[in-house]
Amino acid sequence: MAKNLSNPTEERMAYLEGLITQAKTAAAVFAQFTQQDVDSIVKAMVLAGMEQAQHLARLAIQETRIGVLEDKVIKNMVATEFVYNYIKNKPTVGTIREFPERGLVELAEPIGVIFSLLPITNPTSTVLFKCLMAIKTRNAVIFSPHPNAWRCSSEAVRIMYEAAVKQGAPEGVFTCLESHTLEDNAYLMRHKEVAMIDATGGQGAVKAAYSSGKPALGVGPGNTPVYLEKSADLSMAVVDIIVSKTFDNGTICASEQTVVIDDEIYDSALKKFAELGAHICSDKETEILGRALFDRQTGCMQPIAVGQKATDIARVAGLTVKPATKLLIAPIQGVGREHPLSVEKLCPVLSVYRAMSTEEALRVCVDVNHAGGLGHTAVIFSRNDDAIHKFSQVINAGRIIVNAPGSIGALGGVYNDMVPTFSFGCGTAGGNSTTDNVNIYHYLNIKRMARRTPAPMWFRVPNQIYFNFNAVENVRQFPSRSTVIITNPGLEQIGHADIVRRYLPPEASVHVCVIPDAEPELKAILQGVEALNLYKADQIIALGGGSMIDAAKIMKLKYESPEADLEELAAPFLDIRKRVVQYPTEKINRCRLIAISTTSGTGSEVTPFAVLFDKEQGRKVTLADYSLSPDVAIIDPQFVMSMPRGLTADTGVDCLTHALEAAVSTYASCYSDCNAMQAIRMVFKYLPVAYQHPEEEEARSMMHNAACIAAMAFANAGVGVNHALAHAFGARFGVAHGRANALMLPHVIRYNASVPTKFRPSPNQRAYVAHKKYATIAELLGLGGRTIEEKVNSLAAATEQLLDHLAMPRSIAALGIAKEKFEQALPDLVKIAFDDPSWLSNPRMPLMSELEELFWSAYRGRGITEKGSSAVQPAA
Amino acid sequence: MATIAVQFKIDGERVVRGLEEARDKLDSAGPEMILDLSAVKRIDAPGLRALEELAARADDKGVRIVLRGASIDVYKVLKLMRLAARFSFAN
């Protein structure tokens, strides 16, 4: 391993440091080059490489005595012409890819100095390939050739370097170690100025590269299984396998190693191999070949056999074969150490295995894959798509070549559209960081410039809202054969259901389903669903307050989609568009929901929310989805004329809280703002009148409209921390929702108008504007004040005044709740309020300590600050 | 007594020559020498070597070198070469 080697001598270190300085300077200078500069250098290098393809191939053969001259020429051509074809139009400087719809831009940043190890098997083509990649990406490379291929590799480096520099590349962009030791390699691998190691070579080199602690590219070992499936085009397959396995005498590590042949075609396949110049070994010959090719002790292939001709290998092994023999085929009966030929053989020796079934064939292919070839390459010949897919699923290989030669197929660009390469990533199973065909993108740091995406906004409300006295008569326009009116006993008793019934079309059979007027429980919901099923309802009319309308929403959901799991649908979410649990879209029943509100507060007739009371666990479950929104909302004030004063005040304050929270919400938009602001104006004007003079039709009507308008705002913008506090407190102490809201409201206005201690990440929030929004509201209400702070104070004071007018309790203490009891409950209240999703759109992210402070403020009421207000900063 | 810094404008086409001239004037430069690089669009390896040498000489002589008007591209090259820290920069 590199780190265990000692440092080179001082003299040698000086030499290596010189190489580093040259490369580092070249890389720095190169950083200034444009795409045009780079592309013109690349083209000149490609032409030089192509021109010298044969010369370099000859040198490689002479020096290494491995492979086939003609094939090495082809390799050199692929490494230049084919690689150029792939890279020529690819941007590698500045912006390289853009995704305008996602606001993303990818930019290239060079790596710097790359230390590159070269193999003996492809000693010149690998150089040509790596030089082109480096120049295209503006990197400098120090090459370390294989000791037995130094002359040809360094000549290839020289040719590419001279062509590059002549065309303007920085001097020193490529250097080549004149000779090297493992100590040299280790020194360079560890050097701080070397940014990356690209190790193409034996396992020792690759392992050393990965062990150096530097980012590294390395190729893993191969052992390519081939499945020759019974539906294959046999003639093509046999030719392809011979082409591939004999190419450069089998030195490409992606070439075929063991062909697993279905029994049905085994004999004819071997016959064809033999006809085309392969020698089929007998069992005895297979054994002899195994002994000759592999070291019995280590199990490794004898290096002397790498890249040799089939006839030479046969001669050395002592086999008699015809002079024209291209390939030695050795039938094997299994995979593993006892079958030495089942592993990688970088020469024209191929194992074959007869499989009696598809399952057996796949199993043996997997065995071969796991016998030293994980992550590398696999091949299948088949016309059966299922077989191809199954093979691809079970084999772990970065390249799965279909109906093409393994070696040349894996190189890419010749038989398929894979990226041309001379370096095969083998993934983690092969000890590599990638399964890709290594290419220019591995020689780049790709930077991603991510623009802020405009926050998607929406405004969704029922598309039919009828308002004003007698708006209920509009129910007649909706055709129905079976309508179920969901209401409560009180409303049924005072004749509200009859009013609705009067306006329904005569052909509709009408049924009234009365459920208790409380927060809906699952039991009541399911009873309602039973009624809907019994009457085969095509229309539901929810007549009541928020609870009743919520109940009808859930009944509709369960009636249309009985499989809907309410518990699951209540799962929390941060962003409604990205929620994990989706509401059902498949419906077995279709049913219209008309909501007629009989209170002026919740606005449930236009919201996508529904609250279910889970009696068993004593908690509320909130459902939220736009599919819950009623289809039609009817805002008819005749149904609220008899509302008692207390309820008028409670619901009116709830309406005001909705509007104020929606106005300062981080999800507020100009669409929700106009509703929120208008609702606030209407509440301040009409709520005192409706409270004081319940018989005033205009005030009743306007408050009924205000509740709906405020709900349209918060249905889209959300509410805030006021609701989170009120939910927790109201549930714990049994205080009506409107009253609980009232206790918190002035304190929350002041809190939200102060500079947040903590901002909550929200792409919707472009600036902190809550204090300005409150000031705008104060202006709309004509409350006075010169500065923003004064206006905020005016609004808080006006709110206090309104609450006084409505005789709202002004502190929790005033409700008769003892301080000790409150203090005891406080930790739970804080916890519950913090878990409440209502505050997610609040302009301030509440800290737990701030929630506690707000609860205390509400406990004491206005003007009492016994515990101080350190958590609330001065107004912005 | 106010010190007037020696100033050189480096010609973008003759960077090495300009830096060599600056180097030769170090003895008479006083505590600070200002090199105007605003005309230098790209710096090559010889230019970098000349800058490095100038920095070394300036260190020896206790002269502070201020690079004025260096483009961001040239500045980045100096950062890559770990040379930027040896100079001061001015717009």
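Helices (H or I, at least four residues) and strands (E, at least two) are DSSP runs, numbered from the N terminus. The structure is a predicted model, in which local features need pLDDT of at least 70 and side-chain atom pairs count only at pLDDT 80 or more, whereas totals for chains, interfaces and linings use all residues. Residues are numbered from 1 along each chain as its sequence is written, and chains are lettered from A and ligands numbered from 1 in the order in which they are written.

In chain B, the elements follow the order β-α-β-α-β-α-β from the N terminus on, giving 3 helices and 4 strands. The radius of gyration is taken over C-alpha atoms, and the globule rule is 2.2 Å times the number of residues to the power 0.38. For chain B the value is 12 Å, which agrees with the radius near 12 Å of a compact globule of 91 residues. Along the principal axes, the C-alpha atoms of chain B fill a box of roughly 35 × 25 × 25 Å. A residue is termed buried if 20 or more other C-beta atoms lie within 10 Å of its own, exposed if 12 or fewer, and partly exposed in between, with C-beta atoms placed from the backbone. By this criterion, 30% of the 91 residues of chain B count as buried.

Chain A contains 29 helices and 23 strands. Its radius of gyration of 40 Å is well over the 29 Å that the globule rule gives for 876 residues, so chain A is more spread out than a compact globule. The C-alpha atoms of chain A fill a box of roughly 115 × 65 × 50 Å along the principal axes, and buried residues make up 54% of the 876 residues. Chain A is divided into domain 1 (13-218), domain 2 (224-414), domain 3 (463-639) and domain 4 (645-876), with bounds that come from an automatic or database domain assignment. The centres of domain 2 and domain 4 of chain A, taken over C-alpha atoms, are separated by 77 Å.

An open sheet of 6 strands in chain A has the order 16-23-20-19-17-18, with parallel pairing; two strands pair if DSSP finds at least two bridges between them. Strand 16 and strand 18 (509-514) of chain A stand at the edges with a single partner strand each, so one side of each is left without a neighbour in the sheet. Neighbouring strands of this sheet are turned by 15° against each other on average, direction ignored. Within the sheet, strand 20 (residues 592-597) and strand 23 (residues 632-635) of chain A pair in the parallel sense over 3 bridges, and Ala595(A) stands opposite Ala633(A) in strand 23.

Arg452(A) is located in the loop between strand 15 (444-450) and strand 16 (464-467) of chain A. Arg452(A) is exposed, with 8 other C-beta atoms within 10 Å. The C-alpha atoms of Arg452(A) and Ser762(A) are separated by 11 Å, although these residues are 310 residues apart along the chain.

Two residues are in contact if their C-beta atoms, placed from the backbone, lie within 7 Å. The contact between the chains takes 10 residues from chain B and 11 residues from chain A. On the side of chain B that touches chain A, the elements giving two or more residues are helix 2 (45-61) and helix 3 (72-80) of chain B. Helix 3 of chain B gives the most to this side, with 4 residues. By class, this side of chain B has 6 nonpolar, no polar and 4 charged residues, where Ala, Val, Leu, Ile, Met, Phe, Trp, Tyr, Cys and Pro count as nonpolar, Asp, Glu, Lys and Arg as charged, and the others, Gly among them, as polar.

Key. Axes fitted to C-alpha atoms, helices over the stretch in contact; angles between N-to-C directions.
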